[in-house]
Each structure stands twice: as structure tokens, then as C-alpha cells.
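Dear colleague,

Please find the structure below, together with its sequence. A short account of the findings follows.

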Amino acid sequence: MAQITKKEVDVVVCGLGWAGSLMSIELAMAGLTVRALEKGPDRSYDDFAYPKPADEYAYAVRNKVMTTPAASAVTVRYTMNDTALPTRKWGAFVPGGGVGGSGLHWTGVLIRPTPTDIKLKSYVDEAYRPGILQEDMRVRDFPFSWEEIEPWFDKFERICGQSGKTGNLRGQIQEGGDPFEGPRSNPYPLPPLEDTLNNVMFAEAAKKLGYHPFPNPSAAASRAWTNPYGNQIAPCNYCGYCSKYPCLNYSKASPQTAVMDALKRMDNFSYEVNANVLKVVLHDDKKTAKGVIYIDEQGNECFQPAKIVVLSSFQLYNVHLMLLSGIGKPYDPVTEEGVVGRNYAFLSNGGATLFFKDKHFNPFVAAGPTGQMFNDISPGNFDGPGLGFLGGAKIHSSQATGTPMSAALPKGTPSWGAGWKEGLEEWYGHSMKVSITTTCMSYRDVYLDLDPTYTNEHGQPLLRITFNWKQNELKLQQYLKGIVGNIVQELNPDSASMSFLPMDADFDLTKYVSTHNVGGAIMGDDPKTSALNKYLQCWDVHNVFVPGGNAFPQNFQANPTDTIGAITLMAAQAIKDRYLNNPGPLVQV
Amino acid sequence: MVLERPTSRRKFLMGALMAIPVSALIAKGLTAAQAAEMAAPDLADYQPVFFSADEWQFILAATDRLIPAGGNGKAPGALETNVPVFIDQQLDGDFGQEIYMQGPFNPRAPATMGYQIPFYPQKIYQRGIQLVNQWCQQQMNQSFNKLTPAQQDDVLSRLQKNKVDFAALGEENMQPSHLFSQLLADTKHGYLSDPMYGGNKGMKAWIAIGFPGARASYLEWVKQHNIPYPLGPVSIQGARA
């Protein structure tokens, strides 16, 4: 194994998904030499031209555009006293792999959190009587105001070609949009996607029950769009292959469609794939990084010197790299000292599947974000304090995919044999879902650290997740069960099956929930309780920036990608405007 | 014309069909659907590449019970759609190589912790089939494939519910349900995946349920509510049915 030292660059970007590609293009546009290292393979649009992605087996079963557990496993345990076991196969979450990362296979629901979501601790202090919430809960505010972050949501949404219905334009509530959304400086760039039958039925029922449904905000473009980087995005054709698939129609915003085409044309940008970053190398005083060590495709150990290091891998792997590199003090859940690893959160889903003999939903006619949702049951919009729990959910009927292996069958249908076959033939295309996507709070003893037993192919310890459901989240599930039940009753199907977590549920690693893992290296105002400042800059090592879902102090009911895009763009601007002129901590405490 | 004369069809099938692309068959004057079906081998002529002869007999018998032919409706069975071919060809490739396989293993971990056994799927099949046949011999003096359909269904149910004692047969690392769930999942995948993987012969499973396969363009259709979609499936290699 040769040791190779590469030519120094201004910025090395580790991971080429949304965060990495946005950082790369913004910093390259400022004239910096940017070199991106991506652990997985290259994935260009040519790889996804029709009909290649129209393949449920390859993409949804064999995880063709995901990283493999063999290369990227983590370990999981329920409590601090358990022995963790590795994710030998993916189940509850499936991180993407290669250029585009999880931004390639995402479902494309491009939605903002609410102003309450980003100031959740302030909301709790104001709305909840002391003692009503779990003592071990550790929610925090994001370290910025709505007004500060809003322009970056706006910018990212224009990069994606966001499609939807405006609900709040500069304080004016707009009919048909989400009345609970924070004020937008501009309307949605594009009109919403078309509604499928389930959307229409769900929206009508929700309205009758007094809720405020609106079309899912979508990164599958409803019309042709040219984004601020000059990339052209095509109108969605509802192909039905979105969530877990790359887009075959150049319609779903991804790092490829929205960023990489322009980025690749820049002379001061280069990237290397199958380049596995093992460690950030710090100077002796531990206050700055001098570059990263990675293993290249040929197995050589390379040192890439850089003035700025951006860790923009998936949330879990960003935290892993920080722990492996000695950046920031590791979190200790007993003393509550240390910052790297704290405030990990996942989220739960659930809902009802409704079966209608006489309705044809044509479920294969779909974009990932096809759907309607309402936000009436998210923090601050209903009486959570009176119910004794913190949190909420977006409640939606989506028709994200209609491929047959994922078809739902009514309760009582046998899982095999003649009964299964006849059930599939009778019921395929005759069901719709009403679903919840929930918040998930952070807790003192829910965290990430290095596993003492299991290692990766380079002999490094795997990242260990300590996580299980808490009473607060289970109470929320039970409350949502009632709300979804009322909607089901209103829709009056021939039959329905409900799926909600019971009060004694353990985290089930075998059933896919989402890939919305967050936290572990959170942004905040206080270096004692956060790893990063508001510009995603490490408090301890000022030339290391860590954009990603790792920065969220807890999980909200909105899908994370819009926020990851916004905080990354805000950080990139701060690097350009301030850090380059005066390298050092961007926030003084 | 070819299809009207069984002997020439037979001859046609015997000649290296796996190597002929569907487009070439279409050029010979067949409809795309006929070509798609013919491009798949007859199950009886298929030589498994992964399974041994005994294992193959088990797979044929078991998949035939998991998705039987006949019954109400028009959906075909696993054997009519070459599901065993699919499983055999998948197992012969890099199937399972994505699994993280470093020990220690805790095969008794709660089911919610997921896959925790020290076997790749290939080994689950090989060891599992051996154990099931051993158990069937002990209990009924026959290997699984020789049992009556009702007996086979009973054995499969027992496997699903872990009611066959693999530990008593010397296997501590895997449960009967590991074999059952792997086999059931792969059987359904073979039934419903694109025919280029060897199963879903002639796209008959898709036709039965009304799934249009790789058409993947519904801009005009999204506004048509509660009307059955009228067109049959297409495959990734361009066959229509």
C-alpha cells in the first residue's frame, strides 16, 4: 500500500450528496479550489436513463444505489447497558451510497419545518408546565431565527424547483396552502403536482374533519425548471419509481440534476470516487485540521492537504468521522459532558391502509411526493401541553410508489399459498394509505459513540447507536392513532388495517421507517452542549465544517432535506463572506 | 407460425435461448409477448447453476406450494413463471455479499434486531434444505419433495412458526424461519420482478394483477381517477404483453 500525498487544495469535501455538492459549488463559485472525495461510486445521469430505474427488484430490494452494510454498518442497542449488534442488513433506514448519496434515492418531499420546530426549547419553556415532560428529554433550539434561515430555504427550493401551494406569503395566509407554515419571502417556484385519487379522497375527509390539507411540497418538478446554477430540470411524468430510485426523467431534484452538471464544468472543482475518508488529520494544537487521510480505489493510503475540511457524508458517518478524528469531545451520557454523539434522534411512522373493492387507485401512477398532508397536529398547532407529551406529526396520504412487491393486502390474507396469490390479484391497486411522519425528541441517554467490538474493513470501530422508543413518542403514537382512526371512519373503506406503536414497543430494526436519522453533532449557541456553531463550524476545530442532518438537535415532523439544504447554504455563505478573510471561529462565546 | 407447430417450437427452445435477446426473437416474426415468453427457458429443461439436484427438487416443490398454480383468478403459479430459475440465478451471483459478516454473532438476539446469523443466504438454503429433508425423512420417511401437497404445506407452516427443531438436528445458528422467510421473500421477488431476472415468465404475474411494469410514464393518466389503467405491461428489455 503506497502512501501518497496529494497537492494541497483550498477545500476538501468528504461526501458528495446534497450537503457536499452544495458546499462544493458555492465554494468553487467563490474561486476556491475544491476537491470532493466520495466513498462510493460515481453515478451520472446516464446511469439512470429510462428504463433502467424501472426495476423494483434492483433498486427497492437489492438497494442498488445504497451503500452496503458490509461497507457502512453501524451497531445498535436499546440502552446503555446492552451489547450492541451490527446492522448486518439494512432495515429501519437505508443510507445512500456514491455520488448523490441519499439525495439520489430520496422520496422528494421538500418541506420546511415550522418556526416552532426550530425554536422548540423556547416553545416548551413557554407552553409546558414544569414537570409535565420526561425529565431526560433534551430538546434545544436551532441557533438561528426564522428570518435568518428563511432566505436559505428559499434558495435551496429554487435550486430544486420546489412544487407546491404557498400557505403563508410574507404573513398573508393563502387559500389551499399550509396555514401553519412560516412566512415565505417568495411563493413556491412551481405549482403543485397533480393529485391522484387517494389525495382527493384524503383531502376531502381531512377538510370535513376541520383540518387544513395542502399538496405535498415536492422536489419532483411539476413543470420544466431552470435553477440558479443553470441546470435544467424536466417536468415529472409520474413514472412511479421515485423513493429508493434515481429519477429516470431528470425531474426529481438530486445532486446530479440540480448541482453536479454545473459543478463538473468548473475547472477549480475535481472529485474522486471510491475514495474512503478514514480520518481528519489535525495540527498538534488540535485547533485546526491540515487535511484528510483516505484510501483510494487502488487501495493506496492518500493524504489530501486542505485549508478547509467539509464533512458532508450522511449524518451517521459525519459523527463517526468526528469521533475517529478526535474532533470535539465525545459525549458521556452519565456526566452529560462532551458534545460529539449527543442528541441523536430518529423518528417513527405508522398509519392506516384502507381497502376499497370498487376503487382503482392505479398506484403505479405516482411521484414520490404525490400526496396531500396537513400540519394541524404539529407542535404549537394543537394542545400537546394538555395531552402531556411534546411533538406531533404531519398526517398525509401519499402515493409514493405502486410497485407490486410493496403492495398491501387486507388483514387476514395469508402470507403465502393460494390465498396470498388470490389476495394479491384481488387487492392490488385497491388500497390507499393514511400515514403519519412524527417528531422524535432527543434524550440524555440516546446517543452515538464508538462500538467496542465491531470494526469496519479498515479496522476502525463502527459507530454505535443507543436508541429506543421513549414514553413521550409512544404517547404521541397513541394520540395519532385516534386522529387517523377518525379519518379512516370518514373515508369508510371496505376494510382497513392500522399500524401504530404500542406503549411497550421496542425500536424494530427490520421494518423500514425512513432515512431521517438526525443529531449527533448538533448546532447550537453553547459549545458545552453543541458540537457546531450556527455556521456548522466545529467549535473546537475552526476549519472543519459539518453540514448534514447531524446538526439537528431533535427531529421534527417535516422531512429533513429542505433544512439540510438551507443550513448548508447559510454556512457556505458565511465561509465565503467571513471565514476566508479572517479564518477563525465565526461565533465568539 | 413457429408457435403453431410444437415440434419446431421445441427445437427453437432447445437452441441456446438464453443467449438470444428478445429483440432478435421479435425480428423472427413473433409478437413481443410471445418472444418474451420464449426467451425464458422451459423450467423442465433448465439446468440449475447454484442448486444441487436434491436442492432443486426441494425448491421446485416448495415454491409450488408457496405460490401454487390454479385457484380462483387468473394469476399463474411459481412454476409457471419460472420462479425457481430466478432464485437459482440470484444465488449464483453476488446475492448477499452486501451483508456485514464480522462476528461475534448472536443468533438468539430479539427479532427486532434484524439479521444476526453467521450465514450468507446461500448457506441458509443449503443447510436449511438439508435439515428439512432430514426432518421429513425422520418424521415421514420421505424427502420434502415426495410428500403430498397437504404434508408439504404443513411442513412449510411449521418452518414459518419455528415448529421444526433444527437444534435437535445439530443446527444452533439458524432457525427454520430463517430458511422460510428467505425462501418466501425470494419466491415473491421472482414472481413479481422484471422477467430479465429469470422469473415472472411472460410477465404473467404482472398481467394478472394489472401492473404495467416499466412503462413509467403517466403524465396524461394522473388526472384519470378511478378508471382501471388499460394497457398491459412492458419489460425493461422492451417486451410487451
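Two strands count as paired if DSSP finds at least two bridges between them, and helices (H or I, at least four residues) and strands (E, at least two) are DSSP runs numbered from the N terminus. This is a predicted model, in which local features need pLDDT of at least 70 and side-chain atom pairs count only at pLDDT 80 or more, while totals for chains, interfaces and linings use all residues. Residues are numbered from 1 along each chain as its sequence is written, chains are lettered from A and ligands numbered from 1 in the order written, and side-chain values use heavy atoms, without hydrogens or water.

In chain A, an open sheet of 4 strands runs in the order β5-β4-β20-β19, with mixed pairing.

In chain B, helix α6 (residues 121-140) has 20 residues and should span 28 Å at 1.5 Å a residue, which agrees with the 27 Å between its end C-alpha atoms; the expected span is 1.5 Å times one less than the number of residues. Among its buried residues are Y125(B), R127(B) and W135(B) (buried: under 20% relative accessible area, 1.4 Å probe, protein chains only). Their cover includes α4 (53-66), α5 (83-91), α7 (149-160) and α8 (176-192) of chain B (contact: heavy atoms within 4.5 Å). Just after α6(B), N141(B) has a positive phi of about 60 degrees.

Yours sincerely

Technical notes:
Buried < 20%, exposed > 50% of the residue type's maximum accessible area, 1.4 Å probe, protein only.
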